[in-house]
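Okay, thanks everyone. Have a look at the model first.

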Amino acid sequence: MIAFKEFQLANGLQVIVHEDSSVQIAVLNILYDVGSRDERPDKTGFAHLFEHLMFGGSVNIPNYDEPLQRVGGENNAFTSTDITNYYLTVPAANIETGFWLESDRMLSLSFDPQVLEVQRKVVVEEFKQRYLNQPYGDVWLKLRALAYKKHPYQWATIGKEISHIEEATMDDVRSFFSEHYVPNKAILVVAGNVTLEQVKQLSEKWFGPIPSVKITPRSLPLEPKQVAKRTETVKAKVPADALYMSWHMPGRFHEDYYAIDLLSDILSRGNQVDCIMP
């Protein structure tokens, strides 16, 4: 069991702290409550695009990686249907650098048109390389659209269509950022050789001045109960025939979630079996 303490800033930022004096490092993780499910059907792939844009420079820091590397740190990020997550590791003595970097890009990105163009090309190339230009690459794009008819899980985090990223405007980017990258839609986790009082002081110093925004309650379309089998046959130039099957399963807070998640792991060993949450 991992012991932790938590508190909340006046602007709504939730902070969780795990103290571990036996190590010489500290980690800082910030989770934003935004994923591909929060995108418009005609503007998909934005949550993943922002994962890239967040490393393109902020209002006061033109290069995110450089100051972090100078203090012996490393970082990464990932996007899912439900969340976008950023994390970094530094020597514990340099944890304030992490607070500085993450608070500045929460405060505001640089919104440099050149950065948008560079990251747009990176994401478009990723779309082509991982999903369009390799055998079976587009399977998950087709399978999601088959499994869901109403819910935004019907598109992958990379996006529904490559054109949505190709045609993204700076206004689109600003709007998405101002709605989702705010303190009252984020959870900050700090762990390692730190103390609760130290994290409180640094959180107030670096994140406290960032204003919160009024949050519009999330209202996702409910997926109708599936009462019949759906199938799609695709012919393509691939090495061999393949069969992909998926089933809907309870959401993460359902009492049966963990049992079915374990069952999916057992069934998946050696074969491609996937359970998709409703």
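Let's start with two helices, α3, which covers residues 95-107, and α8, which covers residues 196-206: their axes come within 10 Å and cross at roughly 30°. Angles under 35 degrees count as roughly parallel, so α3 is roughly parallel to α8. As for handedness, the crossing of α3 and α8 is right-handed. Do keep in mind that this is a predicted model.

So who touches whom? On the α3 side you have I95, E96, F99, W100 and S103, and they meet Q198, V199, L202, S203, K205 and W206 from α8. Sort the residues of that contact by class and you get 6 nonpolar, 3 polar and 2 charged.

Now, the empty space. The general idea is simple: you roll a probe the size of a water molecule over the atoms, and that shows where empty space is left.

How many cavities of 30 Å³ or more are there? The count comes to 2.

The largest cavity holds about 60 Å³ of space. If you want to find that one on screen, pick out L53, G57, L109, S110, F111, D112, V115, L116, M170 and V173, which line it. Two helices, α4 (113-132) and α7 (170-180), each supply at least two residues of this lining. By class, the lining of the largest cavity divides into 7 nonpolar, 2 polar and 1 charged.

The second largest cavity has about 30 Å³ of space. Around it sit M54, G57, S58, I61, Y64 and L101. The lining here comes out as 4 nonpolar, 2 polar and no charged residues.

Last stop, the pockets. The largest pocket has a volume of about 1,100 Å³. Its lining is made of 32 residues, and the ones nearest the centre are L143, L146, E232, L243 and Y244.

Which elements each supply at least two residues of that lining? They are α4, α5 (139-147) and the strand β7 (245-248). Which of them gives the most? That's α5, with 5 residues. And the class breakdown for the lining of the largest pocket is 17 nonpolar, 7 polar and 8 charged residues.

Note on methods. Residues are numbered from 1 along each chain as its sequence is written. This is a predicted model: local features need pLDDT of at least 70, side-chain atom pairs count only at pLDDT 80 or more; totals for chains, interfaces and linings use all residues. Side-chain values use heavy atoms; hydrogens and water are left out. Axes are lines fitted to C-alpha atoms, for helices over the stretch in contact, and angles run from 0 to 180 degrees between N-to-C directions. Helices (H or I, at least four residues) and strands (E, at least two) are DSSP runs, numbered from the N terminus. Angles under 35 degrees count as roughly parallel, over 145 as roughly antiparallel, 65 to 115 as roughly perpendicular and the rest as oblique. A crossing is left-handed if the near helix is turned anticlockwise from the far one by less than a right angle, and right-handed if clockwise. Contact means heavy atoms within 4.5 Å. Ala, Val, Leu, Ile, Met, Phe, Trp, Tyr, Cys and Pro count as nonpolar, Asp, Glu, Lys and Arg as charged, and the others, Gly among them, as polar. On a 1 Å grid over the protein atoms alone, a cavity is a set of points where a 1.4 Å probe fits but cannot get out, and a pocket is an open set with protein on both sides within 12 Å along at least five of seven lines; lining residues have an atom within 4 Å of a point. Grid points are joined across faces, edges and corners, and a volume is the space filled by probe spheres set on the points.
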